[in-house]
Amino acid sequence: MKKTFTINISGIVFNIDEDAYEKLKNYLSKISIHFRPQESGDEIINDIESRIAELFNSRITSEQNVIDEKMVDQIIEIMGLPEEFSETDENPVDESSKSPSQGSHVNNTKGNKKLYRDPDSRIIGGVCSGLSHYFSIDKLLVRIIFFILFIVTSGVALPVYIILWIAVPNARTTAQRLEMKGEPITVDNIGKKVKEDVNNPSKDNYRSYQPEKPTKDDGLSVIGKIFGIILIFIGFSSLLALMFGLFTASKLTGLMPGIFPLPDHGIMMNHIFSESLGSTLLLAVLIIVGIPLLLIIYSGTKLLFNFVSNSRSVYLSALGIWFIGIIIAISTAVGAVDVFSTSATITDNKELAVDSDTIVLKLDEAKFDHYSSKIAINNMKLLVHNNEEMIVASPKLDIEKNGENHLNLLLNKYSKGNNLRTAKKNADKIEYSFKVVGNTIFFDPYFLLDKNEKWRSQNLKITLKIPEGSIIYIDENLLPIIHDIHNTSNTWDGDMAGKYWVMKPEGLTFLN
Amino acid sequence: MMKAENTKAQMRKGVLEYCILEIIAKKHSYAPDIIEEMKKAKMIVVEGTLYPLLTRLKNSGMLNYRWEESLLGPPRKYYEITEIGSSTLLELRASWDEIVTSVEIVKNSN
């Protein structure tokens, strides 16, 4: 009767008896010590281990499924001892100088810790346990720190973890595991480590060959499961909150017309941003916040149920989608600002015929009486009438002297756009009406934007040009729209209403 | 006796890389295939000798490798020669011929 061990060479699991194990361990340590100091030493050792795994695999049969000493001897004969390799070394060394040079190498690596991911006690990628070895602190502490960071930054710490995961190598070989823990790479240590691996097999050993092997159920995995439940809980509740938030936002901004009735006060957003912008922005938010939450839930379920999956590709694709979300958000924001980049003015010149020397200027108050308005931005108001919304704003009225002998009304329409053409087009869509009845000009209190037009800082400046000698009467109700009318007495706009004024060569003058 | 062994090893070492390039230049090869050829030619006895040489040639840009799945075990590295490798091989062939000629001349002069 012989005791057997389970070992993992290059990801393949073998059963090996005690004597053969001692021999193989010794041989691999020699190989490791021989090649490690060389350039690309790790790669050479991996190549040799792969080949050894392949050779063993070809010798295992259903009758002979345990590696015995004879098999190890055969493999050593095929692969050769390090002493036999000397002819291919970079710097062939004499027997006398051999041991000191190797000794110094061992000393160099002593205490020289390297950052690796720890596959033996990993929960997700082994990053935290790797960091814990590197800084010599408890891995639970590192995990808690990461977890808190994660919550505090609402998921922004996730890319940090993933980047570490990609960038930091996994400690695959025994020597790498020793480096990870800062232990010197010596024959003794490697032997000790290999023995530990045998007694305490890591999860990776069973990935490809013995998936039915029950996983160990020690304290660590209990903590892992509790941690998993916490992750799932946090993930789900945050996701719910996110969904609710976005739902409310879309309701407030009216991004889902038809689902919700139009609120009484109308929806200002729709008149500022294009229809697609809001929903694109919501999508971006959903991706940027939702992806980390989904990953939290995923990690939680993984911890809880301990299933085998290709986490790396899951996390990598999640990272990809997350970056797409960021790009969508940025480009949408840039696009939203861009529509205000250029401004343009167009002028309509209208000649008026009034049958009197005395002209009365009045506001057509009745026109907007039955409209309701609750929201205003700058000078713009959102009116709702018969469940139809419209954007209106007060024009600014000025009065100037006309060099020619007739009455002119100039409508200066101003707007912004993402280029000159659209800015002009937007300006052209400003609708303003007034009417002349007898000797009275009735001005509308507001100009309107075409139903499909967005708010682009539109402005309307009305200039009434009157010939010399004309007399005007500014009605009290015109106050909201008159703006900085020049006159010879420097009278304030407010005091100009309710009075008669005459246009003299030097300007508008108060008429007693 | 030891002296002769040592010299023989030194001589082999010089031409090992040349031989490996010759073998890989013929077809993409997996390390044991190369060993097979080398054993036939009595150039190498143990496989362990080959891996550092392959890695060194790969690091100096003369070889490339790709991974191939294997039913027998871990994925295998199949090596192929690069352009640098091919031009180096041409030079090595020329200098090998020179050496052989030189040795012949030295041996036969008298």
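**Sheets, cores and the A–B contact in a predicted model**

In β2(A), A:Ile16 is the bridge partner of A:Phe5. The model is a predicted one, in which local features require pLDDT of at least 70 and side-chain atom pairs count only at pLDDT 80 or more, whereas totals for chains, interfaces and linings use all residues. Residues are numbered from 1 along each chain as its sequence is written, and chains are lettered from A and ligands numbered from 1 in the order in which they are written. Helices (H or I, at least four residues) and strands (E, at least two) are DSSP runs numbered from the N terminus.

The pair A:Phe5 and A:Ile16 belongs to the antiparallel pairing of β1(A) with strand β2 (residues 12-17) of chain A, which extends over six bridges. Two strands are taken to pair if DSSP finds at least two bridges between them. These strands form part of an open sheet of three strands in chain A, with the order β1-β2-β3 and mixed pairing. Its edge strands are β1 (4-9) and β3 (66-67) of chain A, each of which pairs on one side only. Helix α1 (residues 18-35) of chain A lies across β1, β2 and β3 of that chain and runs at about 120 degrees to β2(A); axes are lines fitted to C-alpha atoms, for helices over the stretch in contact, and angles run from 0 to 180 degrees between N-to-C directions. Contact between two residues requires that their C-beta atoms, placed from the backbone, lie within 7 Å.

Helix α3(A) has a buried side, with A:Met71, A:Val72, A:Ile75 and A:Met79 all buried. These residues cover an arc of only 100 degrees around the axis, and therefore lie on the same side of α3(A); the arc is that of the directions from the helix axis to the C-beta atoms. A residue counts as buried if 20 or more other C-beta atoms lie within 10 Å of its own, as exposed if 12 or fewer do, and as partly exposed in between, with C-beta atoms placed from the backbone. The buried residues of α3(A) pack against α1, α2 and β3 of chain A, while the face turned away from the buried side carries the exposed residues A:Lys70 and A:Glu77. A:Gly80, with a positive phi near 90 degrees, follows α3(A).

Further along chain A, strand β4 (residues 342-352) and strand β10 (residues 407-417) run antiparallel and are joined by eleven bridges. A:Ser343 has A:Lys416 as its bridge partner in β10(A). Strand β10(A) also pairs in the antiparallel sense with strand β15 (residues 459-467) of chain A, over seven bridges, and the bridge partner of A:Leu410 in β15(A) is A:Thr463.

Chain B comprises four helices and three strands, arranged from the N terminus as α-β-α-α-β-β-α. Of its 110 residues, 25% count as buried. Its three strands form an open sheet with the order β1-β3-β2 and antiparallel pairing. Strands β1 (29-30) and β2 (63-68) of chain B stand at the edges with a single partner strand each, so one side of each is left without a neighbour in the sheet. Six bridges join β2(B) to the antiparallel strand β3 (residues 76-81) of chain B, where B:Ile81 is the bridge partner of B:Leu63.

B:Lys58 lies in helix α3 (residues 50-59) of chain B. This residue is partly exposed, with 18 other C-beta atoms within 10 Å. Apart from neighbours within four places in sequence, B:Lys58 is in contact with B:Leu63 and B:Tyr65. The C-alpha atoms of B:Lys58 and B:Tyr79, 21 residues apart along the chain, are separated by 8.7 Å.

A nonpolar core is a set of buried Ala, Val, Leu, Ile, Met, Phe, Trp, Tyr and Cys residues joined through C-beta atoms within 7 Å. The largest such core has 40 residues, of which A:Ile16, B:Leu50 and B:Leu54 touch the most other members. Another core, of 34 residues, lies apart from it and includes A:Met380, A:Ala427, A:Ile430 and A:Ile474.

The contact between the chains takes 24 residues from chain A and 20 residues from chain B. On the chain A side, α2 (41-59), α3 (69-79) and α4 (82-85) each supply at least two residues, and α2(A) gives the most, with ten residues.
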